[in-house]
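Here is a friendly briefing to read alongside the sequence and the coordinates. Please have both open as you go through the topics below.

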Amino acid sequence: MQTVNIQAGDKNFTVVMYDNGSAHTIAQEMPFTLNMDDFASQEKVTKLSFDLPSTSTVVPAAINAGYIYLWSGNNLVLFYTTFSNSYSYVPIGYITDVFGLTDALGSDSVEVTFSIK
């Protein structure tokens with residue numbers, strides 16, 4: 001599995017990417033910086049500007065803080081809280097250590113930079 005760095009503010013986080021077509025395509029487009037908007041005080045989301053291959057979705061019983069998914073096509077979602085779930089997502093990866101993630105992302109829109117480690 002490939003590892004990626006994401007930076008929000010002055011904090012860096014290591015992401016382990018899953019082995020699927022969407023995750024591979026996202027990694028190939030790196031580095032990039034995204035302006036991610038807050039949604040429901042539990043996630044940051046943005047629409048990617050590039051096309052992704054079709055990848056099977058999953059319905060995880062719980063979403064964990066630090067998990068990254070695609071939702072409804074090209075919407076990249078970075079979760080910063082843990083909660084129960086009933087929606088379908090394409091798994092992209094997860095942050096290995098979420099300490100400081102909520103503070104780094106803040107409560108408003110935030111710029112997040114994704115790059116290969």
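Helices (H or I, at least four residues) and strands (E, at least two) are DSSP runs, numbered from the N terminus. By that count, A40 sits in the loop between β3 and β4. This is a predicted model, in which local features need pLDDT of at least 70 and side-chain atom pairs count only at pLDDT 80 or more, while totals for chains, interfaces and linings use all residues. Residues are numbered from 1 along each chain as its sequence is written, and side-chain values use heavy atoms, with hydrogens and water left out.

**Overall fold**

- The chain has two helices and 10 strands, and from the N terminus on its elements run β-β-α-β-β-β-β-β-β-β-α-β.
- The chain is as compact as a globular protein of its length, because its radius of gyration of 13 Å is close to the 13 Å that the globule rule gives for 117 residues (the radius is taken over C-alpha atoms, and the rule is 2.2 Å times the number of residues to the power 0.38).
- Along the principal axes, the C-alpha atoms fill a box of roughly 35 × 30 × 25 Å.
- Buried residues make up 46% of the 117 in the chain (buried means under 20% relative accessible area, exposed over 50%, partly exposed in between, with a 1.4 Å probe and protein chains only).
- Among contacts between residues at least 6 apart in sequence, 64% join residues at least 24 apart (contact means heavy atoms within 4.5 Å).

**Pocket and cavity**

- On a 1 Å grid over the protein atoms alone, a cavity is a set of points where a 1.4 Å probe fits but cannot get out, and a pocket is an open set with protein on both sides within 12 Å along at least five of seven lines; lining residues have an atom within 4 Å of a point.
- Grid points are joined across faces, edges and corners, and a volume is the space filled by probe spheres set on the points.
- The largest pocket holds about 190 Å³ of space, and its lining includes F39, W71, F83 and Y87.
- Strands β4 (43-47) and β7 (75-79) are the elements that give two or more residues to this pocket lining.
- The pocket lining has eight nonpolar residues, one polar and one charged (Ala, Val, Leu, Ile, Met, Phe, Trp, Tyr, Cys and Pro count as nonpolar, Asp, Glu, Lys and Arg as charged, and the others, Gly among them, as polar).
- One cavity of 30 Å³ or more turns up in the whole structure; V4, M17, M30 and F114 are among the residues lining the largest cavity.
- The lining of the largest cavity consists of 10 nonpolar residues, with no polar and no charged ones.

**Salt bridge and a buried strand residue**

- The whole structure has one salt bridge (a side-chain nitrogen of Lys or Arg within 4 Å of a carboxyl oxygen of Asp or Glu), and D38 and K44 form a salt bridge at 3.0 Å, N to O.
- D38 is partly exposed at 25% relative accessible area, whereas K44 is buried at 0%.
- M36 lies in strand β3 (residues 32-39) and is buried, with a relative accessible area of 0%.
- Beyond its neighbours within four places in sequence, M36 contacts residues including K44, L76 and D108.

**Backbone points to check**

- Most residues other than glycine have a negative phi, and most peptide bonds are trans.
- A40 has a positive phi of about 60° without being a glycine.
- S72, in the loop between β6 (67-71) and β7, has a positive phi near 50° and is exposed at 51% relative accessibility.
- The peptide bond from M30 to P31 is cis, with omega near 10°.
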